[in-house]
Amino acid sequence: MRQTAAERGVQVARSSSGIVAGLTAAAVAAVAFLAYQASANAPGSVASSPGPKASATAPAEPTAKPKPADPLAIPAASGTGERVVYALKDRRVWLVNEDGKSIRTFTVMPSPISPPPGVHKVTSRSGTVQGSDGVPIEHVVRFANVDEVAIGFSAAQDGSMASPDPTSKTGGVRMKRADGNAMWTFATVGAKVVVVP
C-alpha cells in the first residue's frame, strides 16, 4: 500500500520532532555537566555553593545561620586559668576565675603607652596615689614597664575616664571606680595579666 504525500509528511514531522527532542535533552545534559565541571574546578573565591535542592513533596529546610561572635566573650588566645585579660584593640578587661569563666568584664581608657602583648604578672599595688597626669587615683595595679614607664590599672577618685594626652608618657589604664574595686580585690601581687592585641 502506497503512502500519500500527506501521510509521508506526518511521518517525517513525527521523526523530526523526536530528533529535536533528543537533541534538546542532550544539550541540556551537556550544559549541566559543563556547569558542574566549572564550579568544581573554580577557585574558592568565585565558586558558589549549591543551594538547598527543592523537593516536590517537601519544602526545602532553611539552613541554620552561624551565630555571631559574642563581643563580650573572653579572647580565645588569652591562655587558661585565673587571669586578668586586657584586650588593647577592644579597650576591654576581663577578670577570669580558675575555671576559665569571666566573673566581670568592663571597658577601660587605655594609656598613651601600651603594654606589649603577652603574659605579665602584677608586680606592685598602691591604694591611693597621685596619677602622673595629676589626677588623684586609687587601686593601682601595676603589671608591666615600657621604657621606664610603669603600666597599671587604676581608677580616678572622681570617677572620670577622660582620654589622656596622647603625647604624655603615662601608663595608667583607667576604669570606673566600681571596676577598680573589683580589680583591686581580684589582682593581687603575682596575679597573671594577659595582654592581647
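This is a set of questions and answers on a predicted model.

User: What are the ground rules for the numbers here?
Analyst: This is a predicted model, where local features need pLDDT of at least 70, side-chain atom pairs count only at pLDDT 80 or more, and totals for chains, interfaces and linings use all residues. Residues are numbered from 1 along each chain as its sequence is written, and side-chain values use heavy atoms, with hydrogens and water left out.

User: How do you know what confidence the predictor has in the chain?
Analyst: pLDDT is the predictor's confidence in each residue, from 0 to 100. The chain has a mean pLDDT of 80, and 64% of its residues reach 70 or more. Over residues 45-49 the value is below 50. That stretch has 2 contacts beyond near neighbours in sequence; contact means heavy atoms within 4.5 Å.

User: What makes S1 and S9 paired strands?
Analyst: Strands are DSSP runs of E, at least two residues, and helices are runs of H or I, at least four, both numbered from the N terminus. Two strands pair if DSSP finds at least two bridges between them. S1 (residues 83-87) and S9 (residues 192-196) are joined by 4 bridges, so they pair. The two run parallel. Tyrosine 86 has valine 195 in S9 as its bridge partner.

User: Why are S3 and S4 called edge strands?
Analyst: The order of this open sheet of 5 strands is S3-S2-S1-S9-S4, with mixed pairing. S3 (102-107) and S4 (118-121) each have a single partner strand, so one side of each is left without a neighbour in the sheet. Neighbouring strands are turned by 20 degrees against each other on average, direction ignored. Axes are lines fitted to C-alpha atoms, for helices over the stretch in contact, and angles run from 0 to 180 degrees between N-to-C directions.

User: What makes up the turn between S2 and S3?
Analyst: The two strands form a hairpin with 5 residues between them. They pair in the antiparallel sense over 5 bridges, and leucine 95 stands opposite arginine 104 in S3. In the turn, glycine 100 has a positive phi of about 80 degrees. Asparagine 97 lies in the loop between these strands. Asparagine 97 touches Gly81, Glu82 and Ile103, not counting residues up to four places away in sequence.

User: What is the order of the sheet of 4 strands?
Analyst: The order is S5-S6-S7-S8, in an open sheet with mixed pairing. S5 and S8 are its edge strands, each pairing on one side only. Here neighbouring strands are turned by 30 degrees on average, direction ignored. S6 and S7 pair in the antiparallel sense over 7 bridges. Valine 146 stands opposite valine 149 in S7.

User: Which strands does H2 lie across, S1 among them?
Analyst: H2 (residues 177-186) lies across S1, S2 (92-96) and S3, at about 135 degrees to S3. H2 also lies across S5, S6, S7 and S8, running at about 55 degrees to S6.

User: How do you know what lines the largest pocket?
Analyst: On a 1 Å grid over the protein atoms alone, a pocket is an open set of points where a 1.4 Å probe fits, with protein on both sides within 12 Å along at least five of seven lines; lining residues have an atom within 4 Å of a point. By that rule 28 residues line the largest pocket, and Ser132, Ile137, Gly171, Gly172 and Arg174 lie nearest its centre. S7 gives the largest share of the lining, 6 residues.
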